[in-house]
Amino acid sequence: MFHLLKLGPVPLSMGTTGVYLRIGASGDPSAPVFEQDDVAGVRALIAGLEDTSQALCEPALAEAALELGLSVAPPPQAALSSRAAIATFLAWGQRGVSGLGSDKALLFVQAATEYWNAMPWTHWDDGQPFVVDVTGAHEHTYEGCVFHADDGLAGLALYERPGALARLLELQVHGQGEEAKALPAIAVSLEPSPAYAVEALSAAGRVPRLPLPIKSGPHGVSVPSSLESLILVAALRAVARLSPTQTEALSSMVAGEARMDVRVRAPAQRVRN
């Protein structure tokens, strides 16, 4: 059995395109098809299939299914998860971070979903420093903070130097925004766009945001290293396990034969009037 799904519209440098996916029952996708309309996209997906009765269109493709004589059925969770992973990696490519690899994209989606569901910003705000100790293959102590803005942007930042949050606030108060952005840090920004990725992730029951790993510093914004990405994944998972009564959590990551432990200690819960 094959499930036929659509992703998009996906914005391009000029215009948009639809991305059409044929996904097996276990969640394994075939090569994506790029077309401007649903009938052409679905027709390309079933080209070469000996038995098209084994192809089921998702409800969003019902009109194309009717024209091509195909059945319609809601896709299973495995197909929705596969589409979400493809959407994330496609969006990463458009944001210039796909060099981290599709395996990292999956890790970020899983960890960001745990973090989003835990809603740590309801207990702490972006001015409260977390202690993030990394030991093992890499050893460093970061100063972390959770953030969730009114515009929907959320995430987790790990600053490289102690006292960074106090320095950040000082720079912002004095209108030194560029200097504030130059403070060395790695972060996961949970972005409310692009819409096609957010919709695919939401439909699969994952974080309704695009998890975007970033690195900032005096030389501008760049992509975190593979090691830094794993630190971010572990930190997301550790923070997701915290609560006002559980103020310390440990998350471990294994990269090849190397192991890292990331231990996060939370500040006291912010008292809101």
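This is a predicted model: local features need pLDDT of at least 70, side-chain atom pairs count only at pLDDT 80 or more; totals for chains, interfaces and linings use all residues.
**View 1. Proline 9 sits in strand β1, which covers residues 2-11.** The peptide bond between glycine 8 and proline 9 is cis. Its omega angle comes to about 15°. To find the spot, follow strand β1 through residues 2-11 until you reach proline 9.

**View 2. A cis peptide bond leads from serine 193 to proline 194.** Here omega is near 5°. Where does proline 194 lie? Look in the loop that runs between β9 (185-191) and α7 (195-203). Proline 9, by contrast, belongs to a strand, β1.

**View 3. Methionine 119 has a positive phi angle.** The value is near 50°, and the residue is something other than glycine. You will find methionine 119 in the loop between α4 (102-118) and β6 (130-136). Is this side of the story buried, partly exposed or exposed? Methionine 119 counts as partly exposed because its relative accessibility is 39%, and that class lies between the 20% and 50% limits.

**View 4. Arginine 237 is part of helix α8, residues 226-240.** Why does arginine 237 count as buried? Its relative accessibility is 15%, and buried means under 20%, so arginine 237 falls in that class. Which side chain joins that of arginine 237 in a polar contact? The partner is glutamine 110, at 3.4 Å.

**View 5. Several residues surround arginine 237 in the contact list.** Leaving aside residues up to four places away in sequence, arginine 237 touches Leu107, Gln110, Ala111, Glu114, Ser251 and Met253.

**View 6. Stepping back, the chain holds 8 helices and 13 strands.** Its C-alpha atoms fill a box of roughly 65 × 40 × 40 Å along the principal axes. How many residues does the chain have, and what share of them is buried? There are 273 residues, and 47% count as buried. Arginine 237 counts as buried too, whereas methionine 119 is partly exposed. Among contacts with a separation of 6 or more, 56% come from residues 24 or more positions apart.

Technical notes. Residues are numbered from 1 along each chain as its sequence is written. Side-chain values use heavy atoms; hydrogens and water are left out. Helices (H or I, at least four residues) and strands (E, at least two) are DSSP runs, numbered from the N terminus. Buried means under 20% relative accessible area, exposed over 50%, partly exposed in between (1.4 Å probe, protein chains only). Contact means heavy atoms within 4.5 Å. A polar contact is a pair of N or O atoms within 3.5 Å; within protein, one must be able to donate a hydrogen and the other to accept it, and residues adjacent in sequence count only if both atoms are side-chain atoms.
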